[in-house]
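Colleague: I'm new to this one, could you walk me through a few parts of it?
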Amino acid sequence: MRLSAYPIVNLKEVPADAEVVSHKLMLRAGLIRRLSAGLYSWMPIGLRVLRKVEAIVREEMNRAGALEILMPTIQPAELWQESGRWEEYGPELLRITDRHERAYVYGPTHEEVVTDIARRELRSYRQLPVNFYQIQLKFRDEIRPRFGVMRSREFIMKDAYSFHADEASLDEGYRRMHDAYQRIFTRCGLSFRAVHADSGSIGGTGSQEFHVLAASGEDAIVFSDGDDYAANLELAPALPPPGGRPAASAPLTEVATPKAHTIADLVTQLGVPASQCVKTLIVDGAAGDLVALVIRGDHELNAIKAQKLPGVANPLKMASPDRIRTELGAEVGSIGPVGLACRLVVDHAAAALADFVSGANKPGFHVTGCNWGRDLPEPVTADLRNVVEGDPSPTGNGVLGIARGIEVGHIFKLGRKYSAAMKAEVADENSQPLTVYMGCYGIGITRVVAAAIEQNHDEAGIIWPDPIAPFKVLLVPMNWLKSERVREVAERLYRELDAAGLEPLLDDRDARPGVKFADGELYGIPHRIVIGERGLDAGVLEYRHRRATDNEEAPLEGLTEFLRERIRQSSTGPA
């Protein structure tokens, strides 16, 4: 491509709502343009990157034996009612009606549609296993779309769905997709990690997320320094503290704590560490009752763990202050477990405390010297908290650290969640009906592009990994209009590199060198060749990789082979 033919103007200023680096740089470089909240048009250079990612995904899915199909974006409501997700999915599901008042949804995912295909097309266990995939638009009615294409309402996803005769086959299909995802993200040149995760609204049993590691990531990723254990923060188990609980050594004492409504207030007023306090959180129970969850003052409640407890409402919902006041006779901010008239579940770490501080269940007071088994019954315990750095790894090897990640892929073992609800059956070897097992595997194509920028940029702009760069080589001729010699060489090199498949971008604009260099860095083209009169006199060109700080000489004759070697050296993505 010639930059003179590219009409998109780089932005000097970006909108105030562009919070993350990828959003800012994609707007500045003209990769995307906003249509409305959470809706973006992909412009020519941005679309080239998107297609590169799609091509890698498609090649690896085909290599893994998956079959590409294309399903409608608009789906009949009947399928979602049949699966049970019409009511379960929540407000992110865009419900629409046609002129005949028939209900539809704009698909956020395609489990129902593909299960309908399977129950119509698959008749015998001999047709299994099979994996269908597509690369297509999705829509989720995000309450607050943000971060550009990282969390937009409309996006492109690769979603795949496998069907199996038994769990062993599902396990094998899941492993094949795990391996394919490893290859995909490696080929995209990304530093990533696969982590154990919660299945969320998709459902099923086991699942893993694939995260691109970046400081701007929305998700906290927990990993062990002793082995390859990694998990999403919401799923990582917090082990009970080693050793027994210390013996009680202080009397239960009520103390005045005026205006102390938080753990930080208690630490200030009483001079005790947060780790020696407990906080008592009241949530709705599954049977319409109230349940008290007790955690240590320096820990955070893990909502995913809490809502999976027997007797706790799912999704987790904090009880209202009015209800707490009416049913428990206490005010939020002064609640404690001593004498509390509702069921208690206590986190392992809080259950290991002795002589701790808690609310006194009346405003302006707390109690010190609380002890389990003396001042209140021995507790029912569970894992309720988020892990913190330094916690022991659940594998028993090493301790846990926490990094930030951007989720770009997720694989699930769905089991029979959808196939049983929608009666997707085949005949088994005895001609008896067999409900199939399913797997589900998604990659956010548009999110991969944004995540790559979050991981690969500097103050000047984007630094694309070679495999997904919109162009591999930027040709910058000096004095384009004034030097016929430079112009002729630039045109010849452009044709040669294009014929060799090296995807050159020729900056043939009437612009100052500084402008051309700055724009090339903003676009993130990995390899830059500068063509100037002085270099031509010596038979050399000026080469610089986008990550380098110094120039080096490149041969005028043999430039194609020179660049092929440089591209080969820089195209190997991190494992």
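Modeller: Gladly, and please keep in mind that this is a predicted model. One place to begin is a contact between two helices, where L493, E496 and L497 in α13 meet L559, T560 and L563 in α16.

Colleague: What classes do the residues of that contact divide into?
Modeller: The residues where α13 touches α16 divide into four nonpolar, one polar and one charged.

Colleague: And at what angle do α13 and α16 pack?
Modeller: Helix α13, which covers residues 484-499, and helix α16, which covers residues 559-570, pack at an angle of about 50°, and their axes are 10 Å apart. The two helices are therefore oblique to each other, and the crossing of α13 and α16 is right-handed.

Colleague: Which residues make the contact between α2 and α12?
Modeller: On the α12 side the contact is made by I445, T446, V448 and V449, and on the α2 side by V49, L50, V53, E54 and V57. Sorted by class, the contact of α2 with α12 has seven nonpolar, one polar and one charged residues.

Colleague: How do the axes of those two run, then?
Modeller: The axes of α2, residues 44-63, and α12 cross at roughly 115° and come within 9 Å, and the crossing of α2 and α12 is right-handed.

Colleague: How many bridges join β4 and β6?
Modeller: Strand β4 pairs with β6, residues 103-106, over three bridges in the antiparallel sense. In one of these strands, β6, Y106 is the bridge partner of I74.

Colleague: Last one: is A303 buried, exposed or partly exposed?
Modeller: A303, found in helix α8 (residues 303-307), counts as partly exposed, because its relative accessibility is 37%. Its C-alpha atom is separated by 7.7 Å from that of E234, although A303 and E234 are 69 residues apart along the chain.

Note on methods:
Residues numbered from 1 in each chain as written. Predicted model: local features only at pLDDT ≥ 70, side-chain atom pairs only at ≥ 80, totals over all residues. Heavy atoms only, no water. Axes fitted to C-alpha atoms, helices over the stretch in contact; angles between N-to-C directions. Helix = DSSP H or I, 4+ residues; strand = E, 2+ residues; numbered from the N terminus. Parallel < 35°, antiparallel > 145°, perpendicular 65-115°, else oblique. Left-handed = near helix turned anticlockwise from the far one by under 90°. Contact = heavy atoms within 4.5 Å. Nonpolar A, V, L, I, M, F, W, Y, C, P; charged D, E, K, R; others polar. Pairing = 2+ DSSP bridges. Buried < 20%, exposed > 50% of the residue type's maximum accessible area, 1.4 Å probe, protein only.
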